[in-house]
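Hi,

Here is the structure I promised to pass on to you.

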Amino acid sequence: MKNKIALVTGGVGGIGTAICIALARQGYFVVANYVVPGSEIAWQNKMKAAGLGADDCAIALADVADFNASGKMIADIHATHGEISVLVNCAGITRDVSLRKMTPEQWHAVINTNLNSVFNVTRHVIDSMCDRGFGRIVNISSVNATKGAFGQTNYASAKAGIVGFTKSLALEVAKKGVTVNAVSPGFIETDMTAAVREDLRQQTLSQIPTGRAGTPEDVANAVVFLVAAESGYVTGTNMAVNGGVHIYQ
Ligand code: NAP
């Protein structure tokens, strides 16, 4: 049984699955969190196809927008698999609509799932990491945190909040062997972006200096770098993985 435990929230999603595979290949036992029963089946098939099985990974059903449910999930993982060394906060949703049409439900759903979840989960692992003198936390933000995007006042606010959270917590735990970093992807091909209208997709692609959309593996590679034991001097950063879009900001 592997003894380095990694938890990836939203781990069965497009980017989450690539992160799970990459961390498992680095020798971690990876727990993938998800919220909709049934969405883990495709993930299990992808892990199997990548040659990864029950000795490499497991799933954990919990709504990370809920503080107590997040605490129960962490307690169960600690009891069943061991203490978590790597936490990747990747769960996220969009509810795109201009502010003039946005309902309180659309605002709160995005803030709760994208930002409050980072507090809900991190709060339950941080003591254990500090006590053991080692931890790696990576929070998945977005290029839109700093760029802004039409119809995403809720999403951009949540993702910008993640950057402030990341830098502040990085300061608080810097002397404890725990690093806290953000990764801000640009346009990555997943279910989340599959819904984007074709004309907007082409417009977005035309503005990417590298001339292509990102892949979930592009994001996973950044996470692998940040969680490495050798990356202990890298903390409080917000790594852009967006094909160069940030150059124009
Ligand atoms: P995705 O395929 O839709 O995956 C999102 C995952 O979040 C799903 O697995 C979903 O679980 C999970 N999730 C949603 N609400 C949850 C909750 N309350 N509790 C637990 N899990 C929950 O999207 P993705 O593109 O991989 O996005 C992953 C992260 O990257 C998100 O934070 C997103 O904002 C960020 N990001 C994506 C892009 C992009 O271009 N794709 C760009 C910048 C940032 P279920 O499957 O069970 O519903």
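Leaving out its neighbours within four places in sequence, Ser-184 is in contact (heavy atoms within 4.5 Å) with Ser-141, Ser-142, Val-143, Asn-238, Met-239, Ala-240 and Val-241. Ser-184 sits in strand E6 (residues 178–185), and it counts as buried because its relative accessibility is 5% (buried is under 20% relative accessible area, exposed over 50%, partly exposed in between, with a 1.4 Å probe and protein chains only).

Before you read on, please note that this is a predicted model: local features need pLDDT of at least 70, side-chain atom pairs count only at pLDDT 80 or more, and totals for chains, interfaces and linings use all residues. Residues are numbered from 1 along each chain as its sequence is written, and side-chain values use heavy atoms, with hydrogens and water left out.

Now to the ligand. It is surrounded by 31 residues (a heavy atom within 4 Å), and the closest are Ile-15, Ser-39, Asp-63, Tyr-155 and Thr-190. This shell comprises 16 nonpolar, 13 polar and two charged residues (Ala, Val, Leu, Ile, Met, Phe, Trp, Tyr, Cys and Pro count as nonpolar, Asp, Glu, Lys and Arg as charged, and the others, Gly among them, as polar). An oxygen atom of the ligand lies 2.5 Å from an N or O atom in the side chain of Tyr-155; for the side chain of Ser-39, the distance from a ligand oxygen to an N or O atom is 2.7 Å. A polar backbone atom of Val-36 is 2.8 Å from a ligand oxygen. The protein covers 90% of the 900 Å² of accessible area that the ligand has on its own (Shrake-Rupley method, 1.4 Å probe).

Val-88 touches Ile-19, Leu-23 and Ile-140, among others, not counting residues up to four places away in sequence.

Best wishes

Conventions: A polar contact is a pair of N or O atoms within 3.5 Å; within protein, one must be able to donate a hydrogen and the other to accept it, and residues adjacent in sequence count only if both atoms are side-chain atoms. Helices (H or I, at least four residues) and strands (E, at least two) are DSSP runs, numbered from the N terminus.
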